[in-house]
Amino acid sequence: MLKWRRKDRLSLLEDIPKIKGRVVWRSIEEDKPTVIALDMESGFLYTFQDASARIWQLCDGERTISQIINVIQQEFPRISQKDVIKFINELKEDGLIELHDNMRRQKKILASSFKINLL
Amino acid sequence: MKVLLVNPLFDPDDPDAVPPLGIAALASFMQTKGHEVRILDLNLQNRIGASVESSVSKSLMYEADVVGLTCWGNLTPFIIEFCRLFKSRRPETKLVIGGEYASFRAESILKESKGDFIVRGEGEETFSHLLHVFEGKENVGQVKGITYKEPDGILHLSDRRPLMNMDDLPFVKWDLFDDLEQYRGYRDFRRLPFQASRGCPFKCIFCSVQRTWGEIQRKKSPKRIIDEIKYYINEFGLEQLCIYDDTFTLDKNWITEICSLMLKEKISIKWNILTRVDLVGKDLLKTMKNAGCVGIFFGVESVSPQVQELIGKVYTEEFIKKKVAETVAEGMLAQVSVIFGWPVDTPRTVDRLSRFCQKMARVGVGIHQHMLFPLPGTKLTEEYSSSIIPNPYPKMTQPSLAKLPPEYYSILERHKEYVPDFWMFKSEDIDPQELSRIFAETKISIVEENIHRAAKVTTYQRLGLI
């Protein structure tokens, strides 16, 4: 929680959420998007529906939070950026996802390419 | 004597909770012997029950001469710490530990805790004799079925023969509980647990029932059963009965007589039972249904021949499905218990069991999904002791662990070796992580099927079809 508050809002939006390997989950075919997830570590079973299920599906370790917000706002116009961040924060608090620092990753990629150029 | 029986915290939030039968039956027996008995169920006292300190303080308030504790499943760590603290506060009170788990690990539990005696096997007679010892009426060396400390070591006195006439047992005095209404199953459905018989002739390798209760099914007489049920209806407003006998339908004639007496006496309660799929037939199901039986819990365990051969329960998947279908066709709720993690399991057997669960859930059969753990006193644990490994995800495989307060869970972690659910059996052919993943996938499949079924019902309701 503290880490989130301290972090610069823009860099936070560039973080990449990824579902932890200990969580087994499945999207199921229903009238609305539905996800069932089981955290093997805590033993807790979660059911997500609608926007929350869609956010979960988008936490694929590829998209940034900012990109997730864009998709959600197109599919669920009533869901705000704040709602998405709040939900992702809750998932992190429950230990279901991890956040990868995309800014740091980008810097590393830049640094390594710079090194290659020098060589 | 003043006796306090303590039921340690096991499941702090069980929505179907009924008062604990074992401790209630023991208390009722002791009361008929003239003792002053009280019951403290720590499952009803969340804030107290989660802490050893507060549980001991609460227990001390009863000023009992003897404190008895039930020890089964994952309760041992709490009991060890409870006894140590209790003894430091009031050493003169006798601490007696009973229950299935204590019976099979008597020596180590006695050493670890500061308990005075372990009552092994069936408790009523043994505990009663032990109280005579405390009263100075009997010599400790004459009490069969106990384990205790002597200056030169731990003594196991010979096993006591089980009580043969079950009609000698008194009716359970449910008013020994301070407030029955606190049990949700009783409060909401007037549901109480019941035992009509003890013992099982089947030698299932993973089960300790036979070693605990004996291989002969000792039954209460049908008349006695009816009288007992009538007593619970009149005194406690009983409407639903959970019959906890391990193989209730072993003797068809006995069941038929009980059912016809229920009809004759116009007893209109709902009841459910536990049994095996090979012990029910269409006629018996119909008879039980007519007498109020609403649900049957079948111990299926596995559907793969190589696993069934190991367990000692051999019947085909088709046969299981047939029996479950017959139960459902009679309008009863069927539930099946399945176990993953056998030492002979392979990806194929596990996958087959997973698909079986999914199919059963699809047609509305309740699934009780378990991970096999080493239960003391079983042939399986003895034969495969070298295959015992830590369970990577105990909170997933035993949901009651996930509900325990953190401070209570840490007690379990301090005495890991006494927590069966922290362990499992290694299979040569399947990795524990992979097994756990399939276990989790199965759980999700069951939830998915339940969601689909609920959605179907809603659609049918919307269309006016049901």
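Author: A nonpolar core is a set of buried Ala, Val, Leu, Ile, Met, Phe, Trp, Tyr and Cys residues joined through C-beta atoms within 7 Å. Keep that in mind, as we're looking at a predicted model.

Reader: What makes L5(B) and I118(B) part of the largest nonpolar core?

Author: Leu and Ile are on the list of residue types, and a core member must be buried and joined to others through C-beta atoms within 7 Å. This core has 144 residues, and L5(B), I79(B), I97(B), I118(B), V336(B) and L372(B) touch the most other members. At least three residues come from each of domain 1 (2-156) and domain 2 (190-462) of chain B.

Reader: Which residues does I118(B) touch?

Author: Leaving out residues up to four places away in sequence, I118(B) touches I97(B), A102(B), A106(B), I109(B), L110(B), I146(B) and T147(B). We call that touching because the C-beta atoms lie within 7 Å.

Reader: How far apart are the centres of domain 1 and domain 2 of chain B?

Author: Taken over C-alpha atoms, 27 Å. Still, the contact takes 24 residues from domain 1 and 25 residues from domain 2. On the domain 1 side, α4(B) gives the most, with five residues.

Reader: What makes up that domain 1 side, in nonpolar, polar and charged residues?

Author: You get 12 nonpolar, six polar and six charged.

Reader: And where does the largest share of the side of chain B that touches chain A come from?

Author: From α20(B), with 10 residues. The contact takes 16 residues from chain B and 12 residues from chain A. The chain B side divides into 10 nonpolar, one polar and five charged.

Notes: Residues numbered from 1 in each chain as written. Chains lettered and ligands numbered in written order. Predicted model: local features only at pLDDT ≥ 70, side-chain atom pairs only at ≥ 80, totals over all residues. Buried ≥ 20, exposed ≤ 12 C-beta atoms within 10 Å, placed from the backbone. Domains from an automatic or database assignment. Contact = placed C-beta atoms within 7 Å. Helix = DSSP H or I, 4+ residues; strand = E, 2+ residues; numbered from the N terminus. Nonpolar A, V, L, I, M, F, W, Y, C, P; charged D, E, K, R; others polar.
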